[in-house]
Amino acid sequence: MLLLCGEMTMSNIDTELLRALPKAELHLHLEGTLEPELMFALAERNEITLPYDSVEALRDAYEFGNLQDFLNLYYQGAAVLQSEEDFYDLTLAYLARCAEDGVVHVEPFFDPQTHTARAITMACQFRGILRALEEGHKRWGITSRLILSFLRHLSEEDAVVTLQQALPWREHFVAVGLDSSEKGNPPEKFQRVFDQVRALGLKAVAHAGEEGPADYIAQALDLLKVVRIDHGVRCTEDEQLVKRLIDQQIPLTVCPLSNVRLKVFSQMSDHNIMQLLKRGMCVTINSDDPAYFGGYLLDNFLAVRDAIGMSKAEAVQLARNSLTASFMDSETLTQHLSRLEQLAQQG
Ligand code: ADE
Ligand code: ZN
């Protein structure tokens with residue numbers, strides 16, 4: 001596709017160059033990487049009967065009218081995760097896909113409350129995930145920073161207990177997030193627990209402006225003092241907020257395939273990510289729950305490119321945003337940025 005830009009015509013970036021650009025994934029739920037094949041394998045390992053006859057029947061059920069439709073299946077699926085080995089296998093399978101897509105750094109979320117509610121201990125979850133992150137670094141050189149996420153449909157007291165349970169693992173995660181059913185669960189519900197999070201020296205991030213209103217984005221910034229907004233695409237409903245996000249260069253971790261599958265946008269060509277990028281917002285592309293939404297990180301880039309158009313310069317800017325918005329150390333950042341600039345210069 002040729003992109004018309006004023007007088008100039010620009011062509012879309014090539015797939016292999018997109019793959020080669022060093023990229024970070026900043027919005028990814030480990031439980032959302034549970035492919036149907038692995039779900040069946042873990043169900044068998046743990047002697048659980050799934051309410052589907054086959055992998056195909058399960059995949060066929062992945063038709064969602066909204067976020068809650070998806071979350072119902074997502075929490076049901078997560079029930080097959082029972083042992084340290086299960087969390088290890090889940091995480092390592094995700095990292096193997098990252099290696100294929102040119103992802104050099106990941107900051108995955110996990111939802112401990114989904115598992116502690118089933119008597120799966122915090123230790124079991126951390127051990128399995130951390131061992132896989134180490135293995136992924138050894139095998140593919142992928143660096144990582146883990147993010148613990150609170151479920152916003154549960155109470156703030158439950159989040160406080162979860163934070164307490166995670167304290168022995170404090171050195172092994174860098175930030176705390178907020179996910180699950182957004183509407184009716186505003187950031188202000190979690191203001192006190194996020195005060196505790198930041199007092200521990202952890203960074204704060206939150207899902208906001210996915211299905212919820214633009215005001216939830218402002219609340220996440222003002223009350224939870226988040227340093228990134230997960231999704232945030234509904235910011236365009238408040239022009240003042242858009243200006244603020246641009247001025248303060250607050251990163252948005254946008255998930256294009258997720259937004260289409262959950263009907264935030266009716267089709268990819270309606271997605272606002274490239275408009276936000278052109279306005280100078282620090283937007284990034286991510287896969288959210290790739291096993292449920294039809295694609296990993298590179299698939300998300302390609303879907304946007306094919307539906308809206310993405311020049312090489314725009315793809316490089318998206319990759320650059322993902323690196324600079326990450327929590328990676330400055331030496332690693334410098335190395336990836338210099339590789340990215342090299343690729344940007346090549347004809
Ligand atoms: N948990 C997993 N994926 C999510 C999403 N897209 N929004 C809110 N909570 C989630
Ligand atoms: Zn998400």
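**View 1. Residues around ligand 1 in the predicted model.** Twelve positions surround the ligand in this predicted structure: His29, Leu67, Phe70, Leu71, Tyr74, Asp179, Ser180, His207, Glu210, His231, Asp288 and Asp289. By class, four of these shell residues are nonpolar, four are polar and four are charged. Helix H4, spanning residues 67–78, gives the most to this shell. Its share is four residues.

**View 2. Side-chain contacts to nitrogen in ligand 1.** Asp289 places a side-chain N or O atom 2.7 Å from a nitrogen atom of ligand 1. For His231, an N or O atom of the side chain lies 3.4 Å from a ligand nitrogen. His29 also has a polar side-chain atom 3.4 Å from a nitrogen atom of ligand 1. On its own, ligand 1 has 260 Å² of accessible area, and the protein covers 100% of that area.

**View 3. The cavity that holds ligand 1.** Ligand 1 takes up the space of the largest cavity. Residues around the ligand include Phe70 and Tyr74.

**View 4. The seven-stranded open sheet.** The strands run in the order S5-S7-S8-S9-S10-S11-S12. Their pairing is parallel. Strand S5 (109–110) lies at one edge and strand S12 (283–285) at the other; each pairs on one side only.

**View 5. Pairing of strands S10 and S11.** S10 covers residues 228–231, and S11 covers residues 252–254. The two strands pair in the parallel sense over two bridges. Ile229 has Leu252 in S11 as its bridge partner. His231, within the 228–231 span of S10, is also one of the residues surrounding ligand 1.

Terms used
Residues are numbered from 1 along each chain as its sequence is written. Chains are lettered from A and ligands numbered from 1 in the order in which they are written. This is a predicted model: local features need pLDDT of at least 70, side-chain atom pairs count only at pLDDT 80 or more; totals for chains, interfaces and linings use all residues. Side-chain values use heavy atoms; hydrogens and water are left out. A residue is near a molecule or strand if one of its heavy atoms lies within 4 Å of it. A polar contact is a pair of N or O atoms within 3.5 Å; within protein, one must be able to donate a hydrogen and the other to accept it, and residues adjacent in sequence count only if both atoms are side-chain atoms. Accessible areas come from the Shrake-Rupley method with a 1.4 Å probe; for residues, only the protein chains shown count as cover. On a 1 Å grid over the protein atoms alone, a cavity is a set of points where a 1.4 Å probe fits but cannot get out, and a pocket is an open set with protein on both sides within 12 Å along at least five of seven lines; lining residues have an atom within 4 Å of a point. A molecule sits in a cavity or pocket if more than half of its atoms lie within 2 Å of its grid points. Ala, Val, Leu, Ile, Met, Phe, Trp, Tyr, Cys and Pro count as nonpolar, Asp, Glu, Lys and Arg as charged, and the others, Gly among them, as polar. Two strands pair if DSSP finds at least two bridges between them.
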